Amino acid sequence: MADATSVLNVSPVIPVVTLDDPQHAVPVAQALADGGIRIIELTLRTESALTSLKLIANEVPDILMGAGTILTPGQADAAVAAGAQFLVSPGVTPGLLDHMLSLDVPVLPGVATVGEVMAVLESGLDTMKFFPAGPAGGPAYLAAIGAPIPNVQFCPTGGISLATAPEYLKLPNVSCVGGSWLTPRSAVERGDWAQITALARKAAGVSVR
Ligand code: 3PG
């Protein structure tokens with residue numbers, strides 16, 4: 001089982017990227033890297049996601065390449081085979097968690113309740129995605145979880161923006177946040193890599209504490 005602490009410490013913001021067209025994969029990854037962001041959670045929400053993942057893993061080696069939206073053991077296997085260096089799920093089931101932990105990559109399982117945090121802790125992991133962060137209660141909720149359970153580090157994701165990221169990052173149990181705002185669909189579709197680099201630069205500079 002590989003702990004995900006190293007994944008959480010790469011950048012204050014992990015871009016959550018969804019790509020329809022694999023031709024966009026390398027330029028998007030390069031644009032993020034140019035802005036100082038060297039990590040991606042690429043969601044498996046499109047048919048061609050694994051192709052995009054493979055392209056980035058092979059052609060942009062500066063980027064720590066993770067796969068997100070892992071819902072099944074089969075998707076976890078396929079993502080690792082395509083080159084994913086870490087796995088992220090929006091939630092957990094015992095079967096999916098066990099399977100992800102049997103693979104040799106860091107894992108960030110998604111949790112949204114205290115019971116889920118405790119269940120993942122029982123499996124030996126103390127790094128988790130908190131999803132959907134905003135609707136589930138935001139920074140106040142995470143701060144409250146930190147009182148009885150101070151030994152878990154979270155990457156909150158869902159409904160976070162450049163403006164709200166610092167409210168999460170100042171919490172002692174938050175190492176980084178995730179968000180899709182760095183790669184707006186409109187910018188990707190018109191090939192506006194400069195806009196993505198500019199958004200990445202701002203995110204890379206967001207204050208951590
Ligand atoms: C995720 O999977 O983490 C979310 O879809 C990202 O949420 P956001 O689009 O609200 O940033």
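These are my notebook entries on a predicted model, taken one feature at a time.

**Ground rules.** I number residues from 1 along each chain, as its sequence is written.

**The six-stranded sheet.** I began with the strands, which are DSSP runs of E of at least two residues; helices are runs of H or I of at least four residues, and both are numbered from the N terminus. Two strands pair if DSSP finds at least two bridges between them. Six strands form an open sheet with parallel pairing, in the order E5-E4-E3-E2-E1-E9. At its edges I found strand E5 (107–108) and strand E9 (177–179), each pairing on one side only.

Then I looked inside this sheet. Five bridges join strand E2 (residues 39–43) to strand E3 (residues 64–68) in the parallel sense. Across from Ile-40 I found Met-65 in E3. Helix H3 (residues 49–59) packs on the sheet and touches E2 and E3. The direction of H3 makes about 160 degrees with that of E2; axes are lines fitted to C-alpha atoms, for helices over the stretch in contact, and angles run from 0 to 180 degrees between N-to-C directions.

**The core.** Which residues have the most contacts inside the largest nonpolar core? They are Leu-53, Ile-56, Ala-79 and Leu-87, in a core of 66 residues. Such a core is a set of buried Ala, Val, Leu, Ile, Met, Phe, Trp, Tyr and Cys residues joined through C-beta atoms within 7 Å. I call a residue buried if 20 or more other C-beta atoms lie within 10 Å of its own, exposed if 12 or fewer, and partly exposed in between, with C-beta atoms placed from the backbone. H3 gives the most to this core, with six residues.

Leaving out residues up to four places away in sequence, Ala-79 touches Leu-44, Leu-50, Leu-53, Ala-67, Ile-70, Ala-84 and Leu-87.

**The three-stranded sheet.** A second look turned up an open sheet in the order E6-E7-E8, again with parallel pairing. Its edge strands are strand E6 (110–111) and E8. E6 and E7 pair over two bridges, with Gly-110 partnered by Lys-129 in E7. E7 and E8 are joined by four bridges, and Thr-127 stands opposite Gln-153 in E8.

In strand E8 (residues 153–156), Gln-153 and Cys-155 point one way, Phe-154 and Pro-156 the other, and all are buried.

I noted a cis peptide bond between Phe-131 and Pro-132, with omega of about -10 degrees. Pro-132 lies in the loop between strand E7 (127–130) and helix H7 (133–136). Thr-69 is not a glycine, yet its phi is positive, about 55 degrees. Thr-69 sits in the loop between E3 and helix H4 (73–82).

**Around the ligand.** How many residues surround the ligand? I found 13, the closest being Val-16, Thr-157, Gly-158, Gly-179 and Ser-180; a residue is near a molecule if its C-beta atom, placed from the backbone, lies within 6 Å of it.

**Trp-181.** My last stop was Trp-181, in the loop between E9 and helix H10 (185–189). Trp-181 counts as partly exposed because it has 16 C-beta neighbours inside 10 Å.

Technical notes: This is a predicted model: local features need pLDDT of at least 70, side-chain atom pairs count only at pLDDT 80 or more; totals for chains, interfaces and linings use all residues. Two residues are in contact if their C-beta atoms, placed from the backbone, lie within 7 Å.
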